[in-house]
Each structure stands twice: as C-alpha cells, then as structure tokens.
Amino acid sequence: MIELSNMHPHQQPPNTAAGGRMIHRYERRQQFNLGLIRQFCGALFTSIVIFTLIGLIAWAVLQPLPPSFVLEHTTLSSYNLSIPDLIFSPTLQVRIWYHNPNRRIEIYYDKLKVYAAYYDRQVTQSADIPPIYQGDNDTNVLSPTLLGNNSILSYYVVPNLLRDQDDGAFWIAVKIDGRVMFRVGDFVSEPFHLHVSCPAHIPFFPNSSRGSGFVVGPKAAAKYPLSRTCAVSVPTIIRRILQIIKE
C-alpha cells in the first residue's frame with residue numbers, strides 16, 4: 001500500500017499517472033479516427049461533385065431529348081359493349097412509331113407493356129414487348145395486338161359511355177409503360193420509368209361521320225389512320241438537366 005503522507009507534494013500516485021496516459025492515448029486515437037472520417041467524407045464529397053459536374057457537362061454538350069412517340073393508326077377488330085353489365089372491351093391492333101432524336105445517345109427499352117385504357121380503366125390485355133435497343137437518331141415501329149379483357153367499368157364511366165355510344169365514337173388511350181436507359185459511350189444510365197399515352201378517337205363503325213376508317217381483312221375490321229402525337233413522361237433527373245441546359 002502506498003502512503004500518501006510520504007509522497008512529494010507534486011508527485012502523483014502511480015495509478016493516477018497511468019490512468020492519465022491511457023486517457024491521453026484514447027483521446028489521440030479518437031482524434032486520429034475523426035481525422036480519417038473527415039478525410040474520407042471530404043474525398044467522397046469531392047468525388048460526387050466531380051462526377052456530377054462531368055455528367056452535367058456531358059449531357060449539356062450532347063443536349064439530351066426524350067424519345068417521341070406517334071400513334072400512326074389503329075385497327076378495331078371487334079368490341080364487346082354492354083351498358084347494363086358495365087362492359088366495354090375492344091380488340092385493337094395499333095401501330096406506333098417511336099423516334100430517338102438524340103445524336104451520340106442510344107436508348108434501351110425494357111419491360112415495355114402496351115395496353116388500351118378507357119377513362120383510366122384498362123380495357124385490353126397488356127402486350128409484352130421484348131427489350132429493344134435504339135441507336136441514335138433511329139426510328140422504329142411497334143405493332144402489337146391488344147385483346148379485350150371484358151373488364152367491368154366503374155359506374156361513373158356510364159354517362160361517358162352512353163354519350164360516346166350516341167356520338168358513334170369513343171375516346172381511348174393507348175398506353176405504354178416500362179423502363180428506359182440512356183447510353184453515352186460506355187456509360188449506361190440507371191433505368192428510368194417510361195410512361196406514354198396516345199389518345200385516339202375511334203368510331204364504332206367505319207365510314208361514319210366521326211372518322212375516315214375503312215374495312216380491312218376478312219373479318220371486316222375497321223382501320224383508322226390517326227397520326228397522333230403521344231404524351232411522353234420525362235424522368236425527373238432528365239427534366240432537371242434539360243432545365244439547366246435551357247438556363
């Protein structure tokens with residue numbers, strides 16, 4: 001046992017000195033770890049800023065534009081219309097051409113589904129489209145057949161359906177959902193959601209006052225030329241880049 005009365009006034013007990021050294025080493029280790037964390041965060045932030053600037057400059061130079069879609073024509077093969085049962089189910093064949101307006105930017109389309117909707121209610125089965133590669137400034141065509149699914153409509157759609165029946169024509173939206181990726185050189189962007197909506201005003205019968213359709217095929221299907229531009233949703237990141245370019 002150490003007797004404190006025999007110790008020099010400025011001398012600390014051995015245990016106290018050892019504890020002080022341990023605390024000092026712990027503090028130095030903590031400062032070293034904090035320094036490493038600060039250096040890592042600084043390097044990570046700098047890398048993110050550099051890559052972001054490189055990406056913005058590349059996109060600004062290339063001037064990226066979203067793909068454009070046009071509904072060229074539709075062919076109404078048949079339809080099942082029953083007001084009491086709230087059923088409206090057309091079978092259509094559509095022809096849509098889509099264009100990549102970019103130079104030096106290629107586009108990949110994946111998990112595309114094409115279907116028709118009547119007042120936001122899907123009235124045909126979805127046609128699955130295999131993955132598509134589209135080169136820069138290329139134009140391609142989709143020609144899927146959309147089979148009626150006999151889905152039941154909501155009650156609020158009945159007035160619109162009755163009005164369309166009286167008018168002899170109906171509004172329908174041919175829609176495309178899927179993913180799109182952009183490629184510049186060896187860089188491929190992350191997949192973005194793609195949504196396309198193509199409005200079409202289709203008469204129930206060809207040669208009616210509401211349209212200029214004509215009968216085609218042995219089953220007397222009605223083909224209607226339309227050439228309607230489709231609305232294309234632009235991913236948020238691309239919309240922001242386009243705003244920066246315009247500014």
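A residue counts as buried under 20% relative accessible area, as exposed over 50%, and as partly exposed in between. In the predicted model described here, Tyr108 has a relative accessibility of 23% and therefore falls into the partly exposed class.

The secondary structure of the chain consists of three helices and 14 strands. Of its 247 residues, 36% are buried. The accessible surface amounts to about 15,200 Å², and carbon and sulfur atoms contribute 58% of that area.

Aromatic pairing was examined next. Seven aromatic pairs are found in the model. In one of them, the ring centres of Phe88 and Tyr118 lie 5.1 Å apart with the planes at 65 degrees, and the pair is therefore classed as edge-to-face, the cut-off for that class being over 60 degrees. Phe88 belongs to strand 2 (residues 87–99) and Tyr118 to strand 3 (residues 106–118), so this pair ties together parts of the chain that are 30 residues apart in sequence. Phe88 has a relative accessibility of 0% and is therefore buried; Tyr118, likewise at 0%, is buried. A further pair is formed by Tyr108 and Tyr133, with 5.4 Å from centre to centre and 50 degrees between the planes, a tilted arrangement. This pair also links distant parts of the chain, since Tyr108 is located in strand 3 and Tyr133 in strand 6 (residues 132–134), 25 residues apart. The relative accessible area of Tyr133 is 43%, so this residue is partly exposed, as is Tyr108 at 23%. Ring pairs also connect Phe88 and Tyr118 with Tyr119 and Phe170 in a cluster.

Strand 6 also contains Gln134. The relative accessibility of Gln134 is 0%, which places the residue in the buried class, whereas Tyr133 is partly exposed at 43%. The side chain of Gln134 reaches the backbone oxygen of Tyr98 at a distance of 3.1 Å. When residues up to four places away in sequence are left aside, Gln134 touches Tyr98, His99 and Asn100, together with Glu106, Ile107 and Tyr109, and additionally Thr139 and Asn140.

Tyr98 is also among the residues in contact with Val141, the others being Arg95, Ile96 and Trp97, again without residues up to four places away in sequence. Val141 is situated in strand 7 (residues 139–142). With a relative accessible area of 39%, Val141 is partly exposed. The C-alpha atoms of Val141 and His99 are separated by 8.8 Å in space, although the two residues are 42 positions apart in sequence. His99 is itself touched by Gln134.

On the surface, a nonpolar patch is formed by Phe40, Leu44 and Ile48, whose accessible area together is about 310 Å². Phe40 is part of helix 1 (residues 14–62). Its relative accessible area of 57% lies over the 50% limit, so Phe40 is classed as exposed.

Key. Residues are numbered from 1 along each chain as its sequence is written. This is a predicted model: local features need pLDDT of at least 70, side-chain atom pairs count only at pLDDT 80 or more; totals for chains, interfaces and linings use all residues. Side-chain values use heavy atoms; hydrogens and water are left out. Patches are made of residues with over 30% relative accessible area and no salt bridge: like charges are joined within 9 Å, nonpolar side chains (Val, Leu, Ile, Met, Phe, Trp, Tyr) within 5 Å. Accessible areas come from the Shrake-Rupley method with a 1.4 Å probe; for residues, only the protein chains shown count as cover. A salt bridge is a side-chain nitrogen of Lys or Arg within 4 Å of a carboxyl oxygen of Asp or Glu. Helices (H or I, at least four residues) and strands (E, at least two) are DSSP runs, numbered from the N terminus. Buried means under 20% relative accessible area, exposed over 50%, partly exposed in between (1.4 Å probe, protein chains only). Contact means heavy atoms within 4.5 Å. Rings of Phe, Tyr and Trp (its six-membered ring) pair if their centres lie within 6.5 Å; planes under 30 degrees apart count as stacked, over 60 as edge-to-face and the rest as tilted. A polar contact is a pair of N or O atoms within 3.5 Å; within protein, one must be able to donate a hydrogen and the other to accept it, and residues adjacent in sequence count only if both atoms are side-chain atoms.
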